[in-house]
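Okay, thanks for making time, everyone.

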Amino acid sequence: MEEKVQLSEREQRKVLYRLLSYTKPHKRTITLAFVLLLLTTVGDIVLPILVKIFLDDYLTPGNLEFKPLLLLGSLYMGIQIVKAILLFFQLVKFQEIALYIIQQLRIDVFSKVQALGLKYFDKTPAGSIVSRVTNDTEAIKDMFVTVLATFIQSGFLLFGIFIAMFILNVKLALLCVIIIPILIFVMVLYRKMSSRFYLEMRERLSQLNAKLNESLQGMAIIQVFRQEKRLRSEFGDINEQHYKAGMKNIKIDGLLLRPAIDLIYIFALIIVLSYFGITSFNTSVKIGVIYAFINYLDRFFEPVNQMMMRLSLYQQAIVAGSRVFKLLDEDTLAPAQKEEGASQIEKGKVEFMNVSFSYDGKRDVLKNISFAANPGETVALVGHTGSGKSSIINLMMRFYEFERGEILIDGESIRHYSKVEIRKKLGLVLQDPFLFYGTVKDNIRLHNTDLTDEQIEEAAQFVQANTFIEKLEDGYRHKVVERGATFSSGQRQLIAFARTIAANPKVLVLDEATANIDTETEEAIQTALAKMRKGRTTIAIAHRLSTIQDADLILVLHQGEIVERGNHQELLAQKGLYHKMFLLQNGMVEKMEDVIN
Amino acid sequence: MKVFLELGWFFKQEKKAYISGVFFLLVVAFLQLVPPKVIGIVADHINDGTVTKGLLAEWVVVLVAVGLATYILRYYWRIMIFGSSVKLSKILRNRLYHHFTKMSPAFYQKSRIGDLMAHATNDLQAIQQTAGAGVLTLVDSLSTGGFVILTMAFTISWKLTLICLIPLPFMAMLTSWFGTMLHRSFHKAQEAFSSLNDKTQESITGIKVIKTFGQEQEDIEDFRKQSDDVVQKNIVVAKIDSLYDPTISIIVGISFFLSIVFGAKYVLNGELTIGQLISFTTYLGLLIWPMLAFGWLFNIVERGRASYDRVAKLLGEKVEITDQKQATEMVPCGDVEYRIHEFAYPGELQPILKNIQFRLNKGETLGIVGKTGAGKTTLLKLLIREFEGYNGEILFGGAALQDYKLEKLREAIGYVPQDHFLFSATVAENIAFTNPSADCVEIELAAKLANIHEDILQFTDGYKTIVGERGVSLSGGQKQRISIARALLMDPELLVLDDSLSAVDAKTEEAILSALKENREGKTTIITSHRLSAIAHANLILVLEDGKIIERGTHEELMEQNGWYREMYLHQQLEELVEHGGH
């Protein structure tokens with residue numbers, strides 16, 4: 001379901017650098033982590049040297065004084081313990097840094113999403129946005145936690161081991177340097193081969209899962225059209241391909257991963273033993289040095305294994321990173337305001353002047369819309385689905401930017417008010433009152449911490465939501481499950497009303513707020529609405545004409561145009577579209593027949 | 001370990017691979033013992049100054065041989081053991097899929113697709129782990145561990161071995177304990193992550209509300225808090241995870257320390273040579289992995305067993321709708337007759353259909369109308385045997401539906417479901433779903449009948465355009481018409497349209513209906529619809545309400561009756577007018 005991303009080496013590096021730039025705010029912690037890393041590495045290097053000293057200076061010559069040996073022994077165990085403790089903190093620190101970096105990245109992406117205009121949400125499925133914020137960042141986390149940490153730690157250890165080797169024996173250390181190009185060669189080869197095979201396997205796996213998912217969804221169709229056998233064999237084919245890709249990976253891992261590194265280890269061992277063997281022809285060799293070298297070799301190869309096993313994660317993280325950055329660079333922003341002073345909406349007069357609008361730049365969904373709603377008046381918008389009612393509200397709420405015409409509030413262009421002012425003074429009630437996970441109180445308050453509990457309860461009382469809320473278990477603290485599924489749509493709407501009233505707006509905007517109401521709450525809703533409208537300018541999209549009969553002005557829209565306007569009585573008298581809609585809703589069969597014929 | 005018994009059938013089936021794989025593993029475990037030994041011997045010679053060229057060459061040859069042999073064997077046991085485990089997941093995945101294709105809609109009603117997917121992915125993954133890494137850790141930890149300990153005890157010093165082994169069981173215990181803790185805290189971290197996921201999902205679905213109240217900043221703050229929780233829970237994981245290395249390093253360090261201290265004593269006693277001591281410490285290094293592996297083994301096997309149980313249970317689910325023994329191979333043809341007293345969905349008390357009696361003659365069209373939930377779709381689902389267990393019988397061509405093989409029955413029926421589901425494939429492949437070998441003439445004919453041909457030509461790749469979830473998005477009406485073309489391609493004896501014209505406009509509906517009329521002479525059609533214009537031409541119209549037939553007759557008859565049908569018809573006529581701006 002994700003689009004495939006092929007990144008060139010350069011793009012990959014760019015993504016990596018951008019990811020790394022997130023480490024900047026953590027400079028101090030990172031420095032600390034590096035100091036810890038340095039210390040533990042020093043510990044790793046020093047320990048074999050202590051054993052070497054013991055073997056060469058004490059054991060071989062048989063010089064076994066108690067005091068220096070006790071000192072040496074205590075030193076050994078002391079370093080061992082301190083090293084283990086430092087190692088713990090070092091490992092934790094690196095992971096912590098990674099987690100904080102990812103958190104920041106997540107917050108950045110989330111904030112970006114919040115700043116985007118509704119236009120972006122129209123063209124992007126919600127699932128894929130969520131995926132950017134959580135799953136992709138999670139993949140990047142894996143890279144920071146395991147890949148980068150492993151690489152840094154392993155790199156340090158390798159470097160330290162080489163330094164120790166050079167201190168012990170320069171010639172042999174130089175000989176051992178030969179191993180490095182061999183290792184690098186194997187690593188590069190592995191990365192090249194495995195990234196291809198690994199990618200192939202991921203792809204097969206996602207094909208497999210897509211096929212399975214689709215089959216499960218369409219199982220009824222498959223069965224009714226008797227295609228079970230064919231689909232089974234198609235699935236079997238993909239499964240086989242996936243198996244083959246899996247086998248290829250096992251083979252590559254078997255050829256180039258652990259077994260290969262162990263083979264190189266054996267060769268390194270041969271070099272060390274031969275060197276000491278040959279040296280011993282002429283001069284005596286200190287046994288402790290042999291011990292130390294062998295010990296270093298033992299430690300040398302594990303980090304290499306670790307590094308190689310993490311390579312595939314790196315690739316995934318880069319791809320995920322590029323997707324995340326694409327979203328971060330998205331420029332479909334929400335409409336901006338051009339604030340001029342601290343204009344305030346005092347009266348709540350709303351005017352549309354010749355507004356035309358198009359979502360896609362091709363087809364106009366609004367054509368020359370003009371009307372005015374005086375303070376305290378109610379203007380109702382009616383019309384068939386797609387007639388443009390919701391678009392008027394979308395523009396008024398500044399969800400979309402418009403270019404032609406002007407919208408005035410209290411005689412001032414809507415663009416000149418601050419965003420805060422607009423959000424505060426224009427209260428929108430949606431057709432689908434979205435409830436969030438939390439309590440009833442949280443849902444009325446939303447995140448507005450200025451509201452006291454009393455104000456919340458007052459708001460609920462005002463819209464008469466208190467009667468049902470108080471009957472709930474825990475009352476205002478009642479838990480709201482996902483989307484408020486346990487409430488009836490009417491109850492959800494009442495909570496949404498309370499939400500709007502609590503914010504005390506000057507202008508009330510109702511987007512089919514009474515469309516999906518069950519009959520039980522219908523009355524409560526109507527009373528609440530009437531109360532809410534008092535003293536406020538109201539722009540209402542009405543599904544049921546009965547709810548807007550007392551509106552001061554009714555606009556009938558058809559295909560983006562206002563085709564009729566007037567109050568209820570005037571419009572009925574016109575015997576036009578409004579009249580027909582009215583008959584339709586009131587189920588007057590006999591009159592219908594007259595109209596049709 | 002019970003899961004190994006439960007997987008016995010597979011091990012038996014892959015006997016060869018597993019036996020040779022385990023054998024190679026044992027050989028590798030043995031060969032691993034050689035290099036430390038060689039180190040010890042050479043070190044002793046160096047210490048004594050008795051190294052010769054021949055001796056050195058000899059041991060180098062031994063090392064090279066051992067190295068290469070280990071490399072090759074290691075490669076092969078991976079192929080054998082890991083390869084088999086991948087094969088196991090392939091086999092189980094095919095079985096699951098096969099099973100899924102046999103399960104009836106009742107099964108899909110009670111299980112969520114997400115859960116089924118999880119079984120086919122995560123559970124199979126865990127089982128694969130058990131059959132691969134599980135077998136490896138079991139064999140390897142026992143063999144390597146055993147061999148190394150035996151070698152240390154018998155070729156170097158059993159006393160020193162015992163002393164140095166004392167700390168190691170603690171390592172196995174501690175790491176296994178960490179494993180359990182890690183699993184638990186990881187679970188919590190996953191939960192925190194998933195609630196962050198839910199929070200994001202919620203914010204994005206509710207973005208309009210958030211924007212309405214201008215609470216973007218506050219919502220970001222809330223997100224920050226939740227992501228803090230994720231970080232904190234993950235730090236717990238990180239802390240436990242970070243315990244492993246230091247613990248191992250301390251315990252191994254103690255073992256090393258003991259081996260050097262006591263080893264030195266034995267060297268001075270003359271019980272050991274220095275070279276042997278060096279070998280000994282190298283062997284000690286070889287013991288780390290088996291100890292860790294042993295700790296792992298339990299975690300792997302535990303997870304594998306739980307997963308295998310779930311998959312086995314799923315595969316054990318009974319197939320509900322099957323062929324009767326005496327079922328005929330004939331494809332049904334002829335009149336359709338319903339004689340149903342009552343039907344309720346499995347597990348529900350309230351009957352959804354009551355007293356449904358009617359007869360539809362071959363070649364005629366039946367229209368079924370009624371409100372949502374009246375039972376229209378259910379009535380059709382019984383016909384295609386998606387559900388059974390009704391009181392009464394349904395006859396097709398004079399015989400009960402169960403008298404035909406399921407496959408033959410469905411061969412006679414071209415079904416267009418309400419929720420038009422298209423597969424992620426080309427338009428042509430979707431239309432030719434029942435007959436992938438259909439040529440383009442047939443496909444285009446079906447598309448033309450369904451009035452979608454012109455639309456398809458407008459798509460960027462014409463008939464080769466990919467549609468479905470991962471393809472271009474089509475309008476509801478286009479999807480419906482492709483579904484219709486799909487059913488028409490099989491030129492079925494009985495065509496069933498389940499509210500499949502709801503998203504097309506009146507003109508298109510008319511065109512499709514008249515095309516059907518022309519091309520389906522002598523063949524039977526059933527149409528359910530909300531819009532009465534789609535069934536006004538039917539030979540028989542049934543009006544359903546609450547599962548019962550409340551009105552029946554032709555359009556003309558029903559219009560005279562002055563009941564639900566007539567009222568609805570007028571209502572829809574007026575609606576049509578309003579949609580067109582009142583003209």
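So, how far apart are the end C-alpha atoms of residues 144–166 of chain A, and what share of the span is helix? They lie 32 Å apart, and the span is 100% helix and 0% strand; helices here are DSSP runs of H or I, at least four residues, and strands are runs of E, at least two, numbered from the N terminus.

Quick housekeeping: this is a predicted model, where local features need pLDDT of at least 70, side-chain atom pairs count only at pLDDT 80 or more, and totals for chains, interfaces and linings use all residues. Residues are numbered from 1 along each chain as its sequence is written, and chains are lettered from A and ligands numbered from 1 in the order they're written.

Back to that span. An unreviewed UniProt entry lists it as a "transmembrane region", along with 30–51, 71–92, 172–190 and 255–278 of chain A. UniProt positions use the numbering here, feature names are shortened, and annotations may be inferred rather than shown by experiment. Residues 255–278 of chain A are 96% helix and 0% strand, end C-alpha atoms 32 Å apart.

Now the contact between chains: 114 residues from chain A, 108 from chain B, counting two residues as touching if their C-beta atoms, placed from the backbone, lie within 7 Å. On chain A's side, helix α3 (residues 66–115) gives the largest share, 23 residues.

Last, domains. An automatic or database assignment sets the bounds: for chain A, domain 1 (13–328), domain 2 (350–566) and domain 3 (569–597). The C-alpha centres of domains 1 and 3 of chain A are 75 Å apart.
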